[in-house]
Every structure is written in C-alpha cells, then in structure tokens.
Amino acid sequence: MQAAVLVVDDDEPIRRMLERTLAAEGYGVSTAPDGGTALASIEQAMPDLVVLDVGLPDLDGLAVCRRLRGQGLALPILLLTARDAIPDRVAGLDAGADDYLVKPFAPEELLARTRALLRRGEEPPEVLAFDDLLFDVQARGARRGEAVISLSAREADLLELLLRNPRRVVSRELALDRVWGSATAASLNVVDRYVSYLRRKLGLPDLIQTVRGVGFTLDR
C-alpha cells in the first residue's frame with residue numbers, strides 16, 4: 001500500500017522539489033504552504049509521515065509539532081531547517097519531532113530518513129502503564145483517561161525510566177546517566193527539577209515518591 005506523505009514548506013520551489021522526489025519514490029504526496037493549512041489537511045486525511053519545515057509564516061514548524069503531539073497524534077514528523085546548532089536540534093526534538101534534517105540536504109538522505117521513519121511507524125506501539133497512567137514509548141507521550149499529556153524529550157525519557165522500574169528506587173545518578181548521559185554530583189539537582197515538572201504535568205503529586213538521599217520511586 002502506498003504511504004501518504006504531507007510536505008509542509010512555504011518556499012514553493014523547495015516544496016515542489018520535495019514533492020517530486022518523494023513521488024518518484026512511489027509515495028502519495030500532498031503539500032501545504034503553511035502550518036494552519038497543514039493542520040487542516042491532517043484533520044481531514046491522516047498522512048503516514050509529515051515532512052515539516054521549521055520556518056513557516058504563520059504557525060512555525062515547532063508550533064505545529066506541539067499541536068499534533070498535544071492532540072495525542074503519533075504520526076512520524078521529519079523537521080527541515082537551515083539551523084544546525086545543537087539548541088535548535090534540541091528544540092525540534094523537544095517539540096515532538098522524530099528526526100531533524102538540515103538544509104541543504106541530498107535527496108538520497110531525505111529518502112533514507114523517510115524510509116526509516118515509515119518503518120518505525122509500522123512497529124506495534126509499546127505502551128507502559130502504571131495505575132491510570134499510560135505512556136506511549138514510540139510517540140513519547142502520556143495519557144490519563146482522555147487527557148493527553150505533552151512531555152519534553154527529557155521528561156519523557158525520565159518517565160520511561162521510572163515506568164520500566166516500578167516500585168524500585170531509581171537513583172539520581174542512574175537517572176543522570178540514562179537520561180542526560182552523565183552522572184556528575186554537580187548536576188544531581190536537575191533530576192529533582194524534572195521530577196517536579198513530571199508531578200505537575202501528570203497531576204499525580206504522590207505517584208513519584210522521593211527516597212531521601214537516594215532518588216525516586218514510582219509507587220502508590
């Protein structure tokens with residue numbers, strides 16, 4: 001079955017180039033020139049993948065990402081941008097993008113990333129649960145009942161670590177190593193700060209319990 005790709009870019013020559021490149025590979029391609037049109041298009045017909053420029057004239061690409069993730073949609077999103085600084089990449093991933101491609105890029109790289117994201121989208125979703133909290137490992141989002149909870153990349157990684165170790169103590173050092181990639185004493189307070197963010201977002205202040213002098217545990 002032909003995969004459907006939505007291309008969102010306000011630069012018409014680039015938009016047409018992307019459309020031709022993807023269509024030549026056998027994808028069904030639709031296009032949108034701005035974020036508002038893209039959201040309306042997705043509401044009418046859900047694509048299998050969104051190729052989304054960051055620099056859009058109304059809603060920028062990051063805002064579109066946040067809205068889609070806030071609606072609980074797990075469709076793959078590939079961000080396109082001319083900005084290649086690490087903070088820009090982090091901002092894109094925190095907004096909910098699955099991958100990030102810096103302009104200018106080779107068509108072969110675009111197609112390779114498209115194939116990888118579509119394969120990932122075919123994998124059955126892994127959902128971690130505790131009490132009434134559900135966490136979609138692939139979409140990096142949480143849900144309680146009908147309420148969708150949007151998480152930053154760090155918040156999602158920390159929540160996944162806790163959910164994979166229910167009723168076991170997760171030390172601050174382990175959290176730093178798994179979520180931040182380092183475990184320096186000077187950084188220990190960042191774990192407490194992100195636990196506080198999670199408690200507030202989840203609306204479950206007692207779910208993540210503090211083990212004094214050690215770390216945190218997911219318990220009721």
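**Strand pairing in a predicted model**

Strand β1 (residues 4-8) runs parallel to β2, and five bridges link the two. Strands are DSSP runs of E with at least two residues, helices are runs of H or I with at least four residues, and both are numbered from the N terminus. Two strands count as paired if DSSP finds at least two bridges between them. This is a predicted model: local features need pLDDT of at least 70, side-chain atom pairs count only at pLDDT 80 or more, and totals for chains, interfaces and linings use all residues. Residues are numbered from 1 along each chain as its sequence is written, and side-chain values use heavy atoms, leaving out hydrogens and water.

- V5 has V29 in β2 as its bridge partner.
- Five strands form an open sheet with parallel pairing, in the order β2-β1-β3-β4-β5.
- β2 (28-32) and β5 (99-102) are the edge strands, and each pairs on one side only.
- From one strand to the next, the twist averages 20°.

**A helix on the sheet**
- Helix α3 (residues 61-70) packs on the sheet and touches β3 (49-53) and β4 (77-81); contact means heavy atoms within 4.5 Å.
- The direction of α3 makes about 170° with that of β4.
- Axes are lines fitted to C-alpha atoms, for helices over the stretch in contact, and angles run from 0 to 180 degrees between N-to-C directions.

**Antiparallel pairs around β12**
- Strand β11 (residues 208-211) pairs with β12 in the antiparallel sense over four bridges.
- T210 has F216 in β12 as its bridge partner.
- Three residues lie between β11 and β12 in their hairpin, where G213 takes a positive phi near 80°.
- Strand β10 (residues 170-171) is antiparallel to β12 (residues 215-218), with two bridges joining them.
- V170 stands opposite F216.
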